[in-house]
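Subject: Structure handover

Hello,

Here is the structure I promised to pass on. Please open it next to this email and follow along.

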Amino acid sequence: MLVIYNAHLYTHELYQPVATAIAIDHGRILAVGNDDQILASFSTANIINADGRTVMPGLIDAHIHLEDFALGLRKIDCETDSLDECLQRVALRVITTPPGEWVLGHGWNQNNWDEGYGTASMLDEIAPNNPVYLTHKSLHCAWANSTALHLAGITPDTSDPVGGRISRLPDRQPDGILFESAMGVLEQALPEPNLEQVTEALRAAIPLLWKMGLTSVHDFDGMRCYSALQVLHQRHELNFRVHKAIHLEDLPGTVAAGLHSGSGDDFLQLGPLKMFSDGALGPHTAAMLAPYEDEPGSGGMLMLDAAAVFEHGRIAVENGIHLAIHAIGDRANREVLNGLAKLRDLEASRNAYGQSRLRHRIEHVQVVHPDELSRFNGLEVIASMQPIHATSDMHMADLCWGKRSAYAYAWRSLAANQAKLIFGSDAPVETPNPFLGLYAAVTRRRADGTPSPEGWYPDQRLSITEALQAYTTGPAYAAGMEDRLGKLLPGYLADLIIINDNPYTCSPEEFLLMHPSAVMVSGEWVFSELD
């Protein structure tokens with residue numbers, strides 16, 4: 001048993017929002033209350049004086065690519081202010097890489113470079129003896145050198161795959177930039193990490209997430225990541241909660257095995273079916289109702305319309321599997337909502353789930369037409385968003401979407417229409433540090449204070465209470481765990497963090513350096529700087 005007292009404890013429950021002490025045993029919360037109540041009721045030598053620190057539920061990242069994040073810790077950081085700086089970083093890695101071995105990197109964004117996109121020939125010059133493959137910050141396009149293209153069999157005669165595009169020179173020679181599904185053509189040539197390598201990468205990455213205050217995530221990587229997490233779980237080495245999405249190609253096997261959303265236990269459970277309806281803002285592949293301001297001939301790439309959402313989603317719905325559909329552009333969001341509306345009609349006609357609807361969600365919701373705002377609540381569709389995307393992308397959004405950016409990353413507009421918000425990072429696209437996400441959510445500013453003291457479209461800012469709910473109670477609800485996760489209440493799982501500062505009363509700028517001094521998962525300290 002453990003008792004923590006003399007704390008500013010926030011339960012995230014309306015009927016008992018604050019307390020000063022908590023009692024924990026066997027991974028669950030026994031009681032919360034004031035110091036006198038808890039200390040008198042529970043006798044134990046294991047007592048911690050919090051010295052006025054803040055105690056609150058562990059934070060949940062509602063959208064992360066766990067395997068990509070873990071393996072990406074070994075890649076070149078290509079998020080630079082200039083193309084030349086990116087090339088310099090690649091050149092340094094080439095020096096220490098044996099000839100013939102792949103050089104991998106992530107994070108570049110041509111919108112931040114005066115020159116725009118790089119070319120295969122630029123990489124050829126600094127890496128003549130190594131294949132090079134660098135993924136875009138959005139993970140929706142990539143940059144490769146000629147050696148990598150050759151190993152993948154990409155030639156002037158290679159056709160664009162469905163849902164993708166190979167960028168070319170005037171003579172049809174691939175120029176090194178691959179969009180959407182064309183990335184998959186090259187990635188077939190990449191050396192595949194084996195299960196044990198992924199397992200070890202996850203083992204090394206999870207403690208980094210603990211130190212950021214995360215005790216749970218919703219993961220959107222593939223079945224290899226699921227298998228690696230199962231290995232850690234079987235070895236009793238996970239101690240981290242993962243709500244695990246599946247991909248469309250895994251749906252038949254999941255259904256055949258009789259699995260559904262929620263299958264598993266409180267540490268590792270099956271989540272939603274992930275599908276893609278469009279691309280991303282950076283490479284102009286997000287599907288838009290009207291063309292891009294800076295590319296009038298392009299409206300992006302629609303990969304799933306309403307009919308396709310219904311057709312694929314029907315199989316999932318009939319087998320008790322929630323949907324999580326990637327939609328960034330306003331056209332994509334409209335099509336997905338139309339498809340989900342038809343699926344809600346199907347659910348109602350089947351009446352298979354009583355009063356509890358499947359917890360469908362749209363991932364990213366980066367720009368929506370104002371006509372769609374009320375539909376999220378009406379259809380009970382969760383808006384799964386990443387606050388740090390707003391401050392990272394704001395200049396690019398203004399350039400690409402113009403006045404439509406008034407409804408980009410529109411948290412306040414969605415909340416005002418009673419939509420349920422859940423927040424994540426999309427790591428490794430952005431840092432998984434939730435405190436930076438909180439800062440973005442309440443300020444709409446970058447760390448340097450830009451674009452103004454009021455922030456970018458400040459009417460879309462949230463209160464700290466609303467933002468924290470989107471990192472705690474919201475994701476718990478989306479995972480079907482709202483009866484045991486996301487709050488500090490009797491009977492709930494003992495996942496909590498201790499912070500020296502108080503997020504509810506500090507200035508927003510303090511979030512930029514904020515981190516937990518201790519983190520608990522299931523009643524066990526997984527990280528602590530306490531004396």
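Below are the findings, element by element.

Some ground rules. This is a predicted model, in which local features need pLDDT of at least 70, side-chain atom pairs count only at pLDDT 80 or more, and totals for chains, interfaces and linings use all residues. Residues are numbered from 1 along each chain as its sequence is written, and side-chain values use heavy atoms, with hydrogens and water left out. Helices (H or I, at least four residues) and strands (E, at least two) are DSSP runs, numbered from the N terminus.

Start with S18, residues 323-327. Five of its five residues are buried, so the strand is largely enclosed by the rest of the structure. Buried means under 20% relative accessible area, exposed means over 50%, and partly exposed lies in between (1.4 Å probe, protein chains only). In a regular strand, side chains alternate between the two faces of the sheet. Here, Leu 323, Ile 325 and Ala 327 point one way from S18, while Ala 324 and His 326 point the other way.

Phe 276 has His 326 of S18 as its bridge partner.

S17, helix H10 (residues 306-318) and S18 form a right-handed β-α-β unit. Right-handed means that, with the strands pointing away from the viewer, the path from the first strand over the helix to the second runs clockwise.

H10 against H11

H10 packs on helix H11 (residues 330-350) at an angle of about 35°, with the axes 8 Å apart. Axes are lines fitted to C-alpha atoms, for helices over the stretch in contact, and angles run from 0 to 180 degrees between N-to-C directions. The crossing of H10 and H11 is right-handed: the near helix is turned clockwise from the far one by less than a right angle. Contact (heavy atoms within 4.5 Å) involves residues including Val 309, Phe 310 and Gly 313 of H10 and Leu 340, Leu 343 and Leu 346 of H11. The contact residues divide into eight nonpolar, three polar and six charged. Ala, Val, Leu, Ile, Met, Phe, Trp, Tyr, Cys and Pro count as nonpolar, Asp, Glu, Lys and Arg as charged, and the others, Gly among them, as polar.

The four-stranded sheet

An open sheet of four strands has the order S5-S4-S1-S6, with mixed pairing. Its edge strands are S5 (28-33) and S6 (47-49), each pairing on one side only. The twist averages 15° from one strand to the next. S4 (residues 21-25) and S5 run antiparallel, joined by five bridges. Ala 23 stands opposite Ala 31 in S5.

Backbone details to check

Two residues other than glycine have a positive phi. His 26 has a phi of about 50° and is in the loop between S4 and S5. At 75% relative accessibility, His 26 is exposed. Arg 444 has a phi near 55° and is in the loop between H15 and H16. Arg 444 is buried, at 0% relative accessible area.

There are cis peptide bonds too. Ala 427 to Pro 428 is cis, with omega near 15°; Pro 428 is in the loop between S21 (421-423) and H15 (434-443). Thr 450 to Pro 451 is cis, with omega near 10°; Pro 451 is in the loop between H15 and H16 (464-469).

Best wishes

Key:
Pairing = 2+ DSSP bridges.
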